[in-house]
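Open your viewer and get ready to select residues by number.

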Amino acid sequence: MSVKTPAARSRAIELLLSPVNNKHLANLCGALDENLRQIETALDVSIARRGERFTLRGDVAQTTRASEALQQFYSQAREALSVDEIQLGLIEILNRPLRGVSSGAGVSPALMTRKSELHGRTPRQIEYLKHIQEHDITFGTGPAGTGKTYLAVASAVDAFERELVQRIVLTRPAVEAGERLGFLPGDLAQKVDPYLRPLYDALYDLMGFERVGKLFERGSIEIAPLAYMRGRTLNHAFIILDEAQNTTPEQMKMFLTRIGIGAKAVVTGDVTQIDLQRGQKSGLIEARLILKDVRGIAFTEFLKEDVVRHPLVARIVSAYEAHTAALEARDVKAAARRHGEKD
């Protein structure tokens, strides 16, 4: 394989894949070049191909990454590459030289679930899994799609399978944007189920539908709204509080004081998606301030680079962040202008 850059500051890279193998090239590109479009979307580059020759145009850093991606996928293209393989591979490529995170994140801890290939795919995901294993309470915060909840559930399954805990308890506040439980049809269980569905889905994926059903019947797995935690002490349990940005400070304190002997807790949330009523404080934001120096508690702050969903999700998060920053800057200027007029 050879790479030619026309000029030092050029935005185009020419890539020749070798040894030439037409079947491997077809598997790399995918049906109707779908895999190439995935690479273009994820890395914000354009790719033109003539046989085994590729021309990549875009930002210098991104065309370099695109070249790396094409070479990596070509080496794996003995069989057809699925969209999942392309997207997950792109996530790992995007995070190899990640800034602000030590390159010594190390190897991801092995998790005992039915998905043997499950592991942390970014440095922060690896750090998160290590924090969960090494601390009794771990906070994982950041944008949607960074694996906060899924990896927490995977860690809970791992601890249960290794008999480090006797049961798994999953909870979240029953708060959603503009919704109230009373407006939903059915009895209480049917009202609550939609709020807890992401936790069910993760369990089914990691343990299988039948096994999860049996463990529910035995009481080894419990899923409940946060309000049901009051007055309980949870011993020898792995407890996950999901969507914690929607807890009040009182609810957060109540949850954290439920933890008993031999228990481990993980708290996850995204402070940019708070659905509490206007004026209500988020218990997650307050807890991060109050507990930041408490020994035995770990914090992992995920960024958009850690998103493990469709490559567009990270760019959507970036666009919203830029929009929010622009609005805040505008408000600051308006406030300064009003202050100057008063003077």
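Predicted model: local features only at pLDDT ≥ 70, side-chain atom pairs only at ≥ 80, totals over all residues.

Residues are numbered from 1 along each chain as its sequence is written, and side-chain values use heavy atoms, with hydrogens and water left out.

Side chains of opposite charge can pair when their charged atoms come close. A salt bridge is a side-chain nitrogen of Lys or Arg within 4 Å of a carboxyl oxygen of Asp or Glu. The structure holds 11 of them.

**Stop one.** Select Glu 34 and Arg 37. They form a salt bridge, with the closest N and O atoms 2.8 Å apart. Both sit in helix H2 (residues 34-43), three residues apart, about one turn of the helix. Helices (H or I, at least four residues) and strands (E, at least two) are DSSP runs, numbered from the N terminus. Glu 34 is partly exposed at 26%. Arg 37 is partly exposed too, at 40%.

**Stop two.** Now select Asp 242 and Arg 172. Their salt bridge has its closest N and O atoms 3.9 Å apart. Asp 242 lies in the loop between strand E8 (237-241) and helix H9 (249-256), and Arg 172 in strand E6 (residues 167-172), so the pair ties together parts 70 residues apart in sequence. Are these two buried or exposed? Both are buried.

**Last stop.** Select Arg 167, Glu 222 and Arg 232. A network of salt bridges links them.

Terms used:
Buried < 20%, exposed > 50% of the residue type's maximum accessible area, 1.4 Å probe, protein only.
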